[in-house]
Amino acid sequence: MALDLEKHLVARANEALQPLTANFELTPLCNQRCEMCFISSTRSEVDAHGGLRPASAWLELGKQLQQMGTLFILLTGGEPMLHPEFSTIYTSLRDMGFILTLNTNGTLITEEMCRETFRAKPRRVNVTLYGSNADTYERICHHRAGFEETMRGLRLLREYDIDTKLNLSMVKGNAAEYEELMSIADTLGIPVVSNSYMFPVIRGDAPAVGCLESRLTPAEAGRLENLYLRYKKGDEYENFASNAVFQARKSTEPSSEGTTLNCRAAKSSMWVSWRHHVSPCVMLETPCVELATGATHPFAYDPSTPFAEEVKHKGTTPSLPAGDLSTAWKWLTEACQHLPAFDDCSDCRLKHICQVCYAAALHEKRQCGTLRYLCDMAQAEINHLSPHA
C-alpha cells in the first residue's frame, strides 16, 4: 500500500475514532528471557489466569473487527509463534482479508512456515536482533542458540522474498556492537529500526528493575540515536541536523502544551492483550476493558501525584456487554479523551527531538519520579547534532 494512501487512511481514522489497526498479543510466553522485557511470563503465570485464548477467540475478534472497519492487524507477543494455534490464527485472519504484520524474535521461523503458513505473505515480518554473536544472546536473552536461530530465520525470510525489517533494542549489553548489527542488516539487505530508549515499565505494581538496570545512560542512548539518524536520514542528515538545532535554539516562545495522548492509541489503534484486555497500547494497562466480563478499568496512577485525585473521582466504572469489542472500543476512546496531561514538558524546546510520549512520561514518573532521563537523552542528541548545524 502506498505510504501516502496509508497516511491518509490513518488521518481519517484518527479523526473518526475508527480502529484502523488492532494489535493482537497472542501470548506472553517466550523462548528467550531478555533482561529488559516487561511482557514475558511463565507458563504457571499464564495458567493462573486461565491459559492462552484459543484461535477461535482471536478469530471471533477478527469477525468483529471486520464490522468495525479494521484493515491492519499486528500479531505479537511474547513470541507469537509459541501460540499452539499460531498458523491457524495467521492463515484465518489473512483469509478474512486483514493485512498482517508479525513481530518476532526470529528464532522459530522454519522453511515449512515460510513455504506453507506464509504462502499468503504478511505485509512485513519485524525481527528483533539482540546481538551480533552467541555470547551476547547468552548475556542478554539467556539463550545462546538464539543468535544462530535468528540468523537462520532471517536468511529464510529473504530466501522466500518475505518483506522483513530488523528491530534493534540497544542496551548496555549490546551497545558496543551497534556497527556490527548495522553491518548484519546491510549484508542481508534488510532495513533497520534502532531504538535506544527502553521504557521503564513492568506489568503490575513491581518496579521495572530489569529495564532500569539494563538501559543505557542518557548520554549513550543519545549518541546511538544520533548514529541511527545518520542511517535513517541519509543525504538529508545535515539538513535535518541544522533544522533540529535551530528549532532548539530559536528565540521564539516554545509550546506551553503538556504531554498528552497524541499518537494513534485509542484513536485509530487498539491493543488486545493475551488475556483479552483492550487498552490503548502495550505500554498503557489502563484505561482498559476486560472483554470476557465487560469490566472496565479507568486510568490508574500513583495516588500521590497531583492529578490523581481528579482521575480517581471521575464517576463510575460501568460494566459493558461481555465480548462486545465495538462497545469496548467506544468506552476506551471516550476514557482516553479525559486523560490528564503531564505538564513536565511544558515550555521545553527539545520536544521535537525527544522520545517522550504519554506512556513514556507516565512510566518515567512512576519508576523514576521525574522525566530527567528523557530530558538528558534529548539534550545528548542535540549535542551530537550541533556540529552539523
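In this briefing, two residues are in contact when heavy atoms of theirs lie within 4.5 Å. With that in hand, welcome to a predicted model of a protein chain with 15 helices and 10 strands. Its radius of gyration is 21 Å, close to the 21 Å that the globule rule gives for 389 residues, so the chain is as compact as a globular protein of that length. Let's walk through it topic by topic.

**The chain as a whole**

- The C-alpha trace spans about 55 × 55 × 40 Å along its principal axes.
- Of the 389 residues, 50% count as buried.
- Take the contacts with a separation of 6 or more: 75% of them are between residues 24 or more positions apart.

**The sheet**

**A closer look at strand 7**

- Strand 7 has both faces covered: S269 and W271 are buried on one side, and M270 and V272 are buried on the other.
- Strand 1 (residues 21-25) pairs with strand 7 in the parallel sense, over four bridges. F24 has V272 of strand 7 as its bridge partner.
- Strand 8 (residues 277-279) runs antiparallel to strand 7, and two bridges join them. W271 has S279 of strand 8 as its bridge partner.
- Strands 7 and 8 form a hairpin with four residues between them. In the turn, H276 has a positive phi of about 65 degrees.

- In helix 8 (residues 178-188), the buried residues include Y178, L181, M182, I184, A185 and L188. They cover an arc of only 150 degrees around the axis, which puts them on the same side of helix 8.
- What do the buried residues of helix 8 pack against? Their neighbours are strand 4 (124-129), helix 7 (146-159), strand 5 (164-169), strand 6 and helix 10 (218-233).
- On the face turned away from the buried side, helix 8 carries the exposed residues E179, D186 and T187.
- After helix 8 comes G189, which has a positive phi near 70 degrees.

**Aromatic rings**

- A pair of aromatic rings is described by the distance of the centres and the angle of the planes.
- The structure holds 10 aromatic pairs. One of them is Y197 with F199, a tilted pair at 5.1 Å centre to centre with 55 degrees between the planes. Both Y197 and F199 are buried.
- Y197 also pairs with Y373: their ring centres are 6.0 Å apart and their planes stand at 40 degrees, so this pair is tilted too.
- Y197 lies in the loop between strand 6 (192-195) and helix 9 (209-214), while Y373 belongs to helix 15 (residues 372-385), so the pair ties together parts that are 176 residues apart in sequence. Both Y197 and Y373 are buried.
- R215 lies over the face of Y373, at 3.7 Å from the ring centre.
- Elsewhere, F86, Y90 and F118 form one aromatic cluster.

- T259 lies in the loop between helix 11 (237-249) and strand 7 (269-272).
- Is T259 buried or exposed? T259 is buried, because its relative accessible area is 6%, and buried means under 20%.
- Leaving out residues up to four places away in sequence, T259 touches A341, F342, C345, V356, C357, Y358 and A361.
- D343 is found in the loop between helix 13 (325-336) and helix 14 (358-368). D343 counts as exposed because its relative accessibility is 56%, and the cut-off for exposed is over 50%.
- D343 and G258 are 85 residues apart along the chain, yet their C-alpha atoms are separated by 4.3 Å.

Conventions: Residues are numbered from 1 along each chain as its sequence is written. This is a predicted model: local features need pLDDT of at least 70, side-chain atom pairs count only at pLDDT 80 or more; totals for chains, interfaces and linings use all residues. Side-chain values use heavy atoms; hydrogens and water are left out. Rings of Phe, Tyr and Trp (its six-membered ring) pair if their centres lie within 6.5 Å; planes under 30 degrees apart count as stacked, over 60 as edge-to-face and the rest as tilted. Buried means under 20% relative accessible area, exposed over 50%, partly exposed in between (1.4 Å probe, protein chains only). A charge sits over a ring if NZ of Lys or CZ of Arg is within 6 Å of the ring centre and within 35 degrees of the ring normal. Two strands pair if DSSP finds at least two bridges between them. The arc is that of the directions from the helix axis to the C-beta atoms. The radius of gyration is taken over C-alpha atoms; the globule rule is 2.2 Å times the number of residues to the power 0.38.
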